[in-house]
Amino acid sequence: MTSFVDLEAKIPNNVGLKDDPVIRRALETWQPAYLEWWRDMGPSDFKQDDIYLRTAVGVGRGGWANFGHVKMPDYRWGIFLADPETEGERKIKFGDAMGQPVWMQIPGEMRARARRLIVTQADTEPASVEQQRLLGHTAPSIYDMRNLFQVNVEEGRHLWAMVYLLHKYFGSEGRDEAEELLRRRSGDPDNPRVLQAFNKPIRDWMAFFCFTTFTDRDGKYQLAALAESGFDPLARTTQFMLTEEAHHLQVGENGIARIIERTAQLMKEGVDPRKVGAMPLDLIQRYINEWSSASYDLFGGEDSSNAAEAFATSLKGRYREGDGLYKDPLALNQNYETEIFENGVEKKVQIPLRRAMNALLLEAYHADATRIVARWNRVLEQYQLSERVYLPTLRFNRQIGLYGGLWFNPQGEQISKEAFERKRTEWLPVDADYQYVKNCMIKVWDRGKFANWIAPPPVGINNQPVDFEYVKFH
Ligand SMILES: [Fe+2]
Ligand SMILES: [Fe+2]
């Protein structure tokens, strides 16, 4: 079934807001608060500039977005849910409600849990915009600046997507949550964002590209798990969000690849990257270690009763649950085997599978991230360099879960706290690294020009040339 897309409405949507006056009015009341938040906490400056952005205008395959120059405050943030497969026929594919038709409303006993899942996801969207708000000023090119702002406006749209669900299906509690989402602030000691990685400062573009590679990728896996949900509106909302999310991940992956390429060029020429304001590989590695490990923590504890409940209630599935990847859609009578450390001794443990849902999702994520790092290493290979970057194991630098508070090297061998501290400056960025990167962040805003620490992309956006006027300054 194809939904009607109303692009003329105050809030563009394909959810029939026109015929839903109560929710429409509620969202139209929330809209000015959102715009005020965007003005205060969205990208600092650049409000007058025309940015070459894509805007979601529907959910059909292939033709879901428009590209054109727009001023960010005029961006048309809309509410779009993926169309249902076949009306009313989708069946729940996992958990205790397996085989039942999907729910069009949230069952009462699942309300609180569903709301928590939605709020946790929703909170990350404005948080990342806040974390990135100053980066425009040091953009290494207008191509990159455009990508930054594209990610920002789409995170804003993801907030809209989640806020619609809160308003539509969770009554006054949902409305309160929607307001709180605009009140919390990334890094605010009194009213921080919900998840820790979303309170970390994104100081520079190295951090931005690592964030979009590793932290947005956590988002992809969380959204994918929610896209399986028995609560149909949640499933269809997150399905469409994943379409936009893919670009964010590419921005990160290609960004680091281009930084590595520039470094490799210099190394090949016998030039020390540090001498010319580019990024040495050891520093890139420390950033990878910092952002990948912070992102591992986002999955929650490997052994989790909360995760078990979310699966049992058919609210949150496994990665690609619906594709028939798993033998047992109930995930009963099976265990997940992993290792723990007791008094420094490694031993195997069995976690009942339902309790290990976070661990399973994290594993899928780690396999994906491993492929990305392998791609980065192919750049080094192409330049016939023997150096490589690596992805730390899931034990490294963890704050929560089975390995939280213990000490491991990036390869996953347990070490003493002292040994870790001795190596800390080799494995994780220190102030001198942040300072060095900061000094390299010199804006380059001429068409087709790029900062010295990053190679140009092989192709532009939407078939435009690399030297296209992606940002028109006014
Ligand atoms: Fe997002
Ligand atoms: Fe994203």
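These legends go with several close-up views of a predicted model. Local features are described where pLDDT is at least 70, side-chain atom pairs count only at pLDDT 80 or more, and totals for chains, interfaces and linings use all residues. Residues are numbered from 1 along each chain as its sequence is written, while chains are lettered from A and ligands numbered from 1 in the order in which they are written.

**View 1. Helix H5 packed against helix H7.** Here H5 (residues 205–226) meets H7 (residues 281–297) at an angle of about 30 degrees, and their axes are 9 Å apart. Helices are DSSP runs of H or I with at least four residues, numbered from the N terminus; axes are lines fitted to C-alpha atoms over the stretch in contact, with angles running from 0 to 180 degrees between N-to-C directions. The pair is therefore roughly parallel (angles under 35 degrees count as such, and those over 145 as roughly antiparallel). H5 passes H7 in a right-handed crossing, meaning that the near helix is turned clockwise from the far one by less than a right angle. On the H5 side, the contact residues include Cys210, Phe211 and Phe214, and H7 brings Tyr287, Ile288 and Trp291 among others (contact: C-beta atoms, placed from the backbone, within 7 Å). Ala, Val, Leu, Ile, Met, Phe, Trp, Tyr, Cys and Pro count as nonpolar, Asp, Glu, Lys and Arg as charged, and the others, Gly among them, as polar.

**View 2. H5 again, this time with helix H6.** H6 covers residues 232–268, and it packs with H5 at about 160 degrees, axes 8 Å apart. That makes the two roughly antiparallel. Their crossing is left-handed, with the near helix turned anticlockwise. This contact has 14 nonpolar, seven polar and five charged residues.

**View 3. The largest nonpolar core.** It has 115 residues, of which Ile118, Val163, Cys210, Ile260 and Leu361 touch the most other members. Such a core is a set of buried Ala, Val, Leu, Ile, Met, Phe, Trp, Tyr and Cys residues joined through C-beta atoms within 7 Å. Helix H3 (residues 142–169) gives the most, with 16 residues. Beyond its neighbours within four places in sequence, Leu361 contacts Tyr221, Ala225, Phe299, Arg318 and Tyr319.

**View 4. Leu181 in helix H4.** H4 spans residues 171–181. Leu181 is buried, with 24 other C-beta atoms within 10 Å (the cut-off is 20 or more). Leaving out residues up to four places away in sequence, Leu181 touches Ala122, Asp123, Pro126, Leu159 and Val163.

Notes
Angles under 35 degrees count as roughly parallel, over 145 as roughly antiparallel, 65 to 115 as roughly perpendicular and the rest as oblique. Two residues are in contact if their C-beta atoms, placed from the backbone, lie within 7 Å. A residue is buried if 20 or more other C-beta atoms lie within 10 Å of its own, exposed if 12 or fewer, and partly exposed in between; C-beta atoms are placed from the backbone.
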